Amino acid sequence: MQEELNQFKRNDIWELVPCPPSQTIIGTKWVFRNKLDDQEEGIDYDETFAPVARLEAIRILLAYSCFKNFKLYQMDVKSAFLNGIIQEEVYKLKKALYGLKQAPRAWYDRLSSFLLQNGFIRGKVDTTLFVFEKGQYCLLVQIYVDDIIFGATNDSLYKKFSKLMLGEFEMSMMGELNFFLGLQIKQCQEGIYISQSKYTKELLKKFGIKEGRTVSTPMATNVKIDKVEKGKSVDESKYRGMIGSLLYLTASRLDILHVVCLCARFQSNPKESHMSSVKRIFRYLKGTIQYGLFYPKNEIFSLKGYRDSDYAGNIDDRKSTSGSCQFLGDYLVSWFSKKQNCVSLSTTEAEYISAAFYCTQLLWMKQTLADYKSQNQLADIFTKPLSSETFASIRARSGIMHIE
């Protein structure tokens, strides 16, 4: 608490003024519970949205650093929200406090303005990406609220950036990137290894998956997960907790993505059969704790991807499921598995809906890579459209589409 009070003083958070004759003084105290009187929109705040980096953007930066052979570093701004300058009049505060709805927005505005004033260029698509260029070298900065990842193709650039940030903000942590948003990141000469083994162990301990045998696959091939009207219900809150935990694990474990998304469809009134499928995923994780992604040092950085779709695969509503994965050279950086929003009337319609999701992601990635100022090193994925013969050949191979 004393450290927080010291931060108020150092950051010049409020302005002391005489008490106006028509106003009542409000006392302050530390409260260790959720407050009930929320701020009122339009009076205490207007805009609250603050951009947050997507996990795909983090993986793209990791892949790019591996390709360009430079290390990434991280820094954490101490009491970041206290640096945000608020525009509305909230008592006599000059800067944002933790708990104000506009605090994340105010912090992002302060940080982005500071970077832009110092010669950085903000990404056109990913507004949490900032790029600084000096000749043939560049410095990349990725922001996730108060956590900052950065790296440069020249050592002097990242050292200058560290000095620049230390001169403006108080930093609580700096060093080589090794742990970020639950991702364990190991940078070595052979490449970059990304895993969530620590998080996986915590999940197994949390949900009591200690005994029992392990399995080699997260889902049996002869099992159909569907809505069950009859059968014994299970604890809904526990089921949702297990699904939520597993969904976060898919940040590095795409091998469980499809089955986790299937089980996530039945979070309302789940049955024993659904819980059994979820527990099988945990038994699979028990035997594959160390699994993760590996980005080897490589000279290929072309954007390519694969996508597929079933037809009316969902037994309950006859909707199809789309899935895809995107690569930068040999670096797997993006993937998804999602049930389509409408019922397809043919396999062709299901494939086109899947292709639309897929191409949207590719276009986002292409523009993000353009912000890296490396267009000359990237293959233009749409300069060579598929011929009718190639498309027919692709459709003959079980509907799998590959665009490079």
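**Figure 1. Ser162 sits in helix α4, which spans residues 155–168.** This is a predicted model, in which local features need pLDDT of at least 70 and side-chain atom pairs count only at pLDDT 80 or more, while totals for chains, interfaces and linings use all residues. Residues are numbered from 1 along each chain as its sequence is written, and side-chain values use heavy atoms, with hydrogens and water left out. Helices (H or I, at least four residues) and strands (E, at least two) are DSSP runs, numbered from the N terminus. Is Ser162 buried or exposed? Its relative accessibility is 11%, so Ser162 counts as buried. Buried means under 20% relative accessible area, exposed means over 50%, and partly exposed lies in between (1.4 Å probe, protein chains only). Leaving aside neighbours within four places in sequence, Ser162 is in contact with Met75, Phe150 and Met174; contact means heavy atoms within 4.5 Å. From C-alpha to C-alpha, Ser162 and Phe150 are 9.3 Å apart in space, and they are 12 residues apart in sequence.

**Figure 2. Strand β5 (residues 147–152) has paired strands around it.** Here 5 of the 6 residues of β5 are buried, so this strand is largely enclosed by the rest of the structure. Two strands pair if DSSP finds at least two bridges between them. Strand β1 (residues 72–77) pairs with β5 in the antiparallel sense over 5 bridges, and Leu72 has Gly151 of β5 as its bridge partner. Strand β4 (residues 137–144) also pairs with β5 in the antiparallel sense, over 6 bridges. Look for Leu139, which stands opposite Ala152 in β5. The hairpin of β4 and β5 has 2 residues between the strands, and Val145 takes a positive phi near 60° there.

**Figure 3. Four strands make an open sheet in the order β7-β8-β9-β10.** The pairing in this sheet is antiparallel. As background, strands of a sheet pair through backbone hydrogen bonds, either parallel or antiparallel. Which strands form the edges? They are β7 (179–180) and β10 (292–296), each of which pairs on one side only. Strands β8 (residues 183–188) and β9 (residues 191–195) are joined in the antiparallel sense over 5 bridges, and Ile185 has Ile194 in β9 as its bridge partner. Helix α2 lies across β7, β8, β9 and β10, running at about 35° to β10. For that angle, axes are lines fitted to C-alpha atoms, for helices over the stretch in contact, and angles run from 0 to 180 degrees between N-to-C directions.

**Figure 4. Cys66 is a residue of helix α2.** With 2% relative accessibility, Cys66 counts as buried. Leaving aside neighbours within four places in sequence, Cys66 is in contact with Gly191, Ile192, Tyr295, Pro296, Lys297 and Tyr331. The C-alpha atoms of Cys66 and Gln189 are separated by 9.4 Å, although these residues are 123 residues apart along the chain. How many disulfides does the structure hold? There are 0 disulfides in the structure, where a disulfide is a pair of cysteine sulfur atoms within 2.5 Å. Two other cysteines to find are Cys19, partly exposed at 43% relative accessibility, and Cys342, partly exposed with a relative accessible area of 35%.

**Figure 5. Tyr64, Phe67, Phe70, Tyr295, Phe301, Tyr331 and Tyr372 form one aromatic cluster.** A search of the whole structure finds 18 aromatic pairs. Rings of Phe, Tyr and Trp (its six-membered ring) pair if their centres lie within 6.5 Å; planes under 30 degrees apart count as stacked, over 60 as edge-to-face and the rest as tilted. The ring centres of Tyr64 and Tyr372 are 4.9 Å apart and the ring planes are at 85°, so this pair is edge-to-face. Tyr64 lies in helix α2 (residues 55–68) and Tyr372 in the loop between α9 (347–371) and α10 (388–396), so the pair ties together parts that are 308 residues apart in sequence. Tyr64 and Tyr372 are both buried.

**Figure 6. Arg54 places its charged end over the ring of Trp364.** The distance to the ring centre is 3.9 Å. A charge sits over a ring if NZ of Lys or CZ of Arg is within 6 Å of the ring centre and within 35 degrees of the ring normal. The charged end of Lys198 likewise sits over the ring of Phe179, 5.6 Å from its centre.
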